Amino acid sequence: MFKRQVKYQPERTRTFLGSPSVIRLPDGALIVSHDYFGKGCPRNHENEESLTSIYRSEDNGSSWQNITHIMNCYWSTLFVHNGSLYILGCSQQYGSIFIRRSDDGGFTWTHPQDEKTGILFRGSPFWNPPSYHCAPVAVTIHNGRIYKAFEDCDPTIWGIGFQACVISAPLDADLIDAASWTMSNKVKFSPDWMNLHPEWGEARIPGWREGNVVADPDGQLWDILTFEAAPFPHEKAARIKILDDGKRLEFDPVTGFFDFPGSKAKFTLRRDPVTGKYLSIVNNLESIELLHQMANAPSGPSTRLHMKHPYRQRNFATLTTSDDLWNWRKVKTLVQDDSGLSPEDSLRLTGFQYTDWIIDGDNLIFVVRTAHRGAQNFHDSNQILFFVLENFRQLL
């Protein structure tokens, strides 16, 4: 499998690399974006993480050039529409919803100044709601409209505060104009829903985030989100029905969860137009017994992966597929730790996570937020890696 490094960040900067996205342009060039997080990372006037970097490759990923940076652009997705390149996400960590357009292949971008130039939905200053959140997941076209999932974190507390919502616009509209876009109602996660599933056991601080808009085989649109609680070893994703051309969301807490390997970390869902199969690249819990041991280790939280959510494993990335969107199977491990660390240290220190991917002819191309060989823990990524999986349909 073809592999190249797009970006490396020295650990001494206390700056980490997040939210990669990838797209192929009509002229054949590849574009990758990512943002920055951590105590040392660049920040804006509100002291918020908010910088995105753009890279371009004109040799199919063999080499990459950093062509520009975008301030007040965060957690964003690249997509192409009507020949132009767009980037859609938040203005900063828990900010407004911004969109930008590039008509020259990513070298220059429009600047959101008001509702006519890319400020789609305004957030409030510094963690006052609305505080919008999202991830670089698919921008989905369905029945003449374009969709993207977001969350409003209200109250702005990571995990339990996320309220799911969806924005959409007509395909022929001016996507830079806020008047083109509609936002659905917002669905807040209720911890009481966990009482409907006593077989799951204890589920503290439950919450959803990082939704994907995707249509099932019958054409029904869903917002499918990561779901996590503590201590909660089960891999369950949440599904919210999208109705009335994106104006309305409905969630049934009885039937709204389904088994999904890799549901505890951001994933991107897309459907292969050739086979009709749904695909994702995920961080599933492969070493569940070791995770049990580490979560219950007597020496305390220092042995765990994460104090709030001990059941996390990101030291390899797995291609998964489904025929119907609801029943998933593992296909192939695409990336795994080759550092020689012990299994415990590999879980603590290595992460191939937040993968974004697109279908490129017969190939799958993907970018990975990577913590590897020198990273201080599995979460704090020091690399963005680019991969090409050739003839991926032979695996399905």
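Two strands are counted as paired when DSSP finds at least two bridges between them, and the strands themselves, like the helices, are DSSP runs numbered from the N terminus (H or I with at least four residues for helices, E with at least two for strands). On that basis, five bridges join strand E17 (residues 221-230) to E18 in an antiparallel arrangement. The structure is a predicted model, in which local features need pLDDT of at least 70 and side-chain atom pairs count only at pLDDT 80 or more, while totals for chains, interfaces and linings use all residues. Residues are numbered from 1 along each chain as its sequence is written, and side-chain values use heavy atoms, with hydrogens and water left out.

## The chain as a whole

The protein chain contains two helices and 27 strands. Its radius of gyration, taken over C-alpha atoms, is 20 Å, close to the 21 Å that the globule rule (2.2 Å times the number of residues to the power 0.38) gives for 396 residues, so the chain is as compact as a globular protein of that length. Along the principal axes, the C-alpha atoms fill a box of roughly 55 × 50 × 45 Å. Of the 396 residues, 61% are buried, where buried means under 20% relative accessible area, exposed means over 50% and partly exposed lies in between (1.4 Å probe, protein chains only). The accessible surface of the chain, from the Shrake-Rupley method with a 1.4 Å probe and with only the protein chains shown counting as cover for residues, comes to about 15400 Å², and carbon and sulfur atoms hold 47% of it. Among contacts (heavy atoms within 4.5 Å) with a separation of 6 or more, 56% are between residues 24 or more positions apart.

Strand E18 (residues 236-243) is mostly covered, with seven of its eight residues buried.

| Partner of E18 | Bridges | Opposite residues |
|---|---|---|
| E17 (residues 221-230) | five bridges | Leu221 and Ile242 |
| E19 (residues 248-250) | three bridges | Lys241 and Glu250 |
| E20 (residues 257-259) | three bridges | Ala238 and Phe257 |

E17 and E18 form a hairpin with five residues between them, whereas the hairpin of E18 and E19 has four residues between the strands, and there Asp244 takes a positive phi near 55°.

## The sheet E2 to E5

Strands of a sheet pair through backbone hydrogen bonds, either parallel or antiparallel. An open sheet of four strands has the order E2-E3-E4-E5 and antiparallel pairing. Its edge strands, each of which pairs on one side only, are E2 (16-24) and E5 (65-70), and the twist from one strand to the next averages 25°, with axes fitted as lines to C-alpha atoms (for helices over the stretch in contact) and angles running from 0 to 180 degrees between N-to-C directions. Seven bridges join E2 to strand E3 (residues 30-37), the two running antiparallel, and Gly18 stands opposite Asp35 in E3.

Ile23 lies in strand E2 and is buried, with a relative accessible area of 13%. Leaving aside residues up to four places away in sequence, Ile23 touches Ala29, Leu30, Ile31, Leu78, Phe79, Val80, Leu85 and Ile358. Ile23 and His197 are 174 residues apart in sequence and 40 Å apart in space, C-alpha to C-alpha.

## Aromatic pairs

Rings of Phe, Tyr and Trp (its six-membered ring) pair if their centres lie within 6.5 Å, and planes under 30 degrees apart count as stacked, over 60 as edge-to-face and the rest as tilted. A search of the whole structure finds 28 aromatic pairs. One of them is the tilted pair of Trp193 and Phe251, at 4.8 Å centre to centre with 45° between the planes. Trp193 lies in the loop between strand E15 (187-188) and strand E16 (204-215) and Phe251 in the loop between E19 and E20, so the pair ties together parts that are 58 residues apart in sequence. Both Trp193 and Phe251 are buried.

The rings of Trp222 and Trp326 have their centres 5.2 Å apart and their planes at 85°, so this pair is edge-to-face. It links distant parts of the chain, 104 residues apart, with Trp222 in strand E17 and Trp326 in the loop between strand E23 (316-322) and strand E24 (328-336). Trp222 is buried at a relative accessible area of 13%, and Trp326 is buried at 19%. One aromatic cluster is formed by Phe189, Trp193, Trp200, Trp208, Phe227, Phe232, Phe251 and Phe257.
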